[in-house]
Amino acid sequence: MPFANFKVPAGTLTEKQKEQIVTRTTELYVEIYGERARANTMVLVEEVTDGGWGIGGNVLTLAKLQEPPSED
């Protein structure tokens with residue numbers, strides 16, 4: 001059974017965007033494995049609590065993600 005797990009910051013996606021992730025991921029698996037994969041593809045969109053993850057040793061928050069990129 002194909003399985004995809006997306007972890008996203010809580011509150012950053014609309015229900016429609018989550019639906020798009022599920023639909024498009026399923027279509028990708030069907031493209032790769034054929035139509036037989038459609039009925040068995042599982043896509044999980046998990047919302048992670050603000051501050052519950054990090055990159056490069058730094059905790060990420062929604063506020064940090066919304067900051068404009070720095071011009072170094």
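Select Lys 18 to begin; this residue lies in helix H1. The model is a predicted one, so treat each stop as a feature of a prediction. Colour Lys 18 by accessibility: with a relative accessible area of 16%, Lys 18 is buried, because the cut-off for that class is under 20%.

Next, show the side chain of Glu 15 together with that of Lys 18. A polar contact of 3.2 Å joins the two side chains. Then widen the selection around Lys 18. Leaving aside residues up to four places away in sequence, Lys 18 touches Leu 13, Val 45 and Glu 47.

Select residues 3-9, strand S1, and residues 42-48, strand S2; the two strands pair in the parallel sense over 7 bridges. Within this pairing, pick Phe 6 and look across to S2, where Val 45 is its bridge partner.

Ala 4 is buried, with a relative accessible area of 11%. What does Ala 4 touch, not counting residues up to four places away in sequence? The contacts are Thr 25, Tyr 29, Met 42, Val 43 and Leu 44.

From that list, take Tyr 29. Draw a distance between the C-alpha atoms of Ala 4 and Tyr 29: the two residues are 25 apart in sequence, and the C-alpha atoms are 9.6 Å apart in space. Tyr 29 is buried, at a relative accessible area of 18%.

Tyr 33 is partly exposed, with a relative accessible area of 43%, whereas Tyr 29 is buried.

Finish on the two rings. A pair of aromatic rings is described by the distance of the centres and the angle of the planes. The count for the model comes to 1 aromatic pair. Tyr 29 and Tyr 33 form a stacked aromatic pair, with 6.1 Å from centre to centre and 25 degrees between the planes. The pair qualifies because its centres lie within 6.5 Å, and it counts as stacked because the planes are under 30 degrees apart.

Terms used:
Residues numbered from 1 in each chain as written. Predicted model: local features only at pLDDT ≥ 70, side-chain atom pairs only at ≥ 80, totals over all residues. Heavy atoms only, no water. Phe/Tyr/Trp six-rings, centres within 6.5 Å; stacked < 30°, edge-to-face > 60°. Buried < 20%, exposed > 50% of the residue type's maximum accessible area, 1.4 Å probe, protein only. Helix = DSSP H or I, 4+ residues; strand = E, 2+ residues; numbered from the N terminus. Polar contact = N/O pair within 3.5 Å; in protein donor to acceptor, adjacent residues only side chain to side chain. Contact = heavy atoms within 4.5 Å. Pairing = 2+ DSSP bridges.
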